[in-house]
Amino acid sequence: QAGGPRDTAPGQQLRALFYALPPAESSFRTVEEVPDYVEKSIPFFITFIGLEFAVSWIQKRKLPGRINDGISSLSLGVLSRLPDVLFRSIELISYIYVWNNYRLFELPWDSPWTWYLTLLGVDFAYYCFHRMSHEVNILWAAHQVHHSSEDYNLFTALRQSVLQKYTSWMFNLPMALFIPPSVFAVHLQFNLLYQFWIHTEVITKLGPLEWILNTPSHHRVHHGRNPYCIDKNYGGTLIIWDRIFGTFEAEDAKVVYGLTHPVNSFDPIMLQLRPLAHIWNTFWATPGFCNKLSVIFKGPGWGPGKPRLGLPEEIPVITGKEVPFNPHVPAYLNCYALVHFAVIVDLYTKLLSSVTMLTQGTVLLRIGFIILSLISFGLLMENKSKAEILEIIRCLVFIGAYKLGYFTSQFSFLGYAYEV
């Protein structure tokens, strides 16, 4: 009895996080029938983050992250989803185009075999894309955003790149020759959702499942900057691809998280664009046309005379005394940023729910204000000298737009509090 309702019950949505919705519950004839599993998972994201904090406090008597890094991760998550407010996902647009014009044959959308084949296909495509994102400099410039946190918690899972989706789509196109878009759309979301819960330190090992599935232990290695962690464990849902292609590494020495050369910023725009600026400067500073192309298409550690992925001995040694980027700011400023970020999340979710009823000008105004706010919060948490001026401007824009009705809250009773 394949096929199902557009909306999913809470129990189904919870199981979707763990890729545990079988074909009978998650097969659909058309793309339009496929639920937005990611958007419906937001309450579970919040719940699991709360649980992670509670378990970490019970286990270690400390929280699993910091306010500044957490807000930075959430800011990058919000930023990564803003293009979807204006445009349909390029991953689906390109896939449907190939399906409509070039498909070789059509597998039945309601067959369990099609469902399981798509599971493997989407996960293998993700492995290929993920590996290339670490081994090709221009792709790494987008993907490094996800690795820029020096904490490792469920906030980190939401730390996504704006640019990455504009390079990942091509890896899925071979499936469009025979797998229906509706089946692909389901697994594209499931593969993403599964990777949320593995970003945690409160889960240690999962026994025999470690041989097949990507687990928190395996993914901790992937996020490490220890030399033994570099370019390992690319799998999304399954770890079998890493075992097959020789990129698997088991968790051993304590993992130190983040980039080998930390960006040291909480500004979401800076985190997105600085690596591209570095490639641009290196491109023009490197002599020779072939070398210039190598700056773009070889590994981030490449240089003239070096192997494609750079020299392993140039990876900074981990001493265990590394200190995360953590500028000192008064406690009240952290509270201020946290409260105002909650207001922005409210405006963002309201925008998602009402975008079809808004004029394009209003949508662009709200997106622009959200971006301005995220930048301002990042600069405040870095204690930058000009952050206060930007924040005053931001608050004045908010008051004006709120009074004129361009911003509305999901919670009307908070209107006066927002103005205060």
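Annotated spans, domains and a helix pair

The model is a predicted one. Residues 393-418 come from a UniProt record, an unreviewed entry, which lists them together with residues 363-381 under "transmembrane region". Residues 363-381 are 100% helix and 0% strand, with 27 Å between the end C-alpha atoms.

The UniProt record, again as an unreviewed entry, also carries the annotation "domain: Alkylglycerol monooxygenase C-terminal" for residues 333-420. That span is 75% helix and 0% strand, and its end C-alpha atoms are 17 Å apart.

How does the domain assignment divide the protein chain? Domain 1 covers 16-245, domain 2 covers 271-314 and domain 3 covers 331-419. The centres of domain 2 and domain 3, taken over C-alpha atoms, are separated by 38 Å.

The next topic is a pair of helices. Two packed helices are described by the angle between their axes and by the distance between those axes. Helix α6 spans residues 112-135 and helix α7 spans residues 137-147. The two pack at an angle of about 100 degrees, and their axes are 6 Å apart. Angles from 65 to 115 degrees count as roughly perpendicular, and α6 and α7 are therefore roughly perpendicular to each other.

Which residues make the contact? From α6 they are H130, M132, S133, H134 and E135; from α7 they are N137, L139, W140, H143 and H147. By type, the residues of the contact of α6 with α7 divide into six polar, three nonpolar and one charged.

Methods: Residues numbered from 1 in each chain as written. Predicted model: local features only at pLDDT ≥ 70, side-chain atom pairs only at ≥ 80, totals over all residues. Heavy atoms only, no water. Axes fitted to C-alpha atoms, helices over the stretch in contact; angles between N-to-C directions. Helix = DSSP H or I, 4+ residues; strand = E, 2+ residues; numbered from the N terminus. Parallel < 35°, antiparallel > 145°, perpendicular 65-115°, else oblique. Contact = heavy atoms within 4.5 Å. Nonpolar A, V, L, I, M, F, W, Y, C, P; charged D, E, K, R; others polar. UniProt positions renumbered as here; feature names shortened; annotations may be inferred. Domains from an automatic or database assignment.
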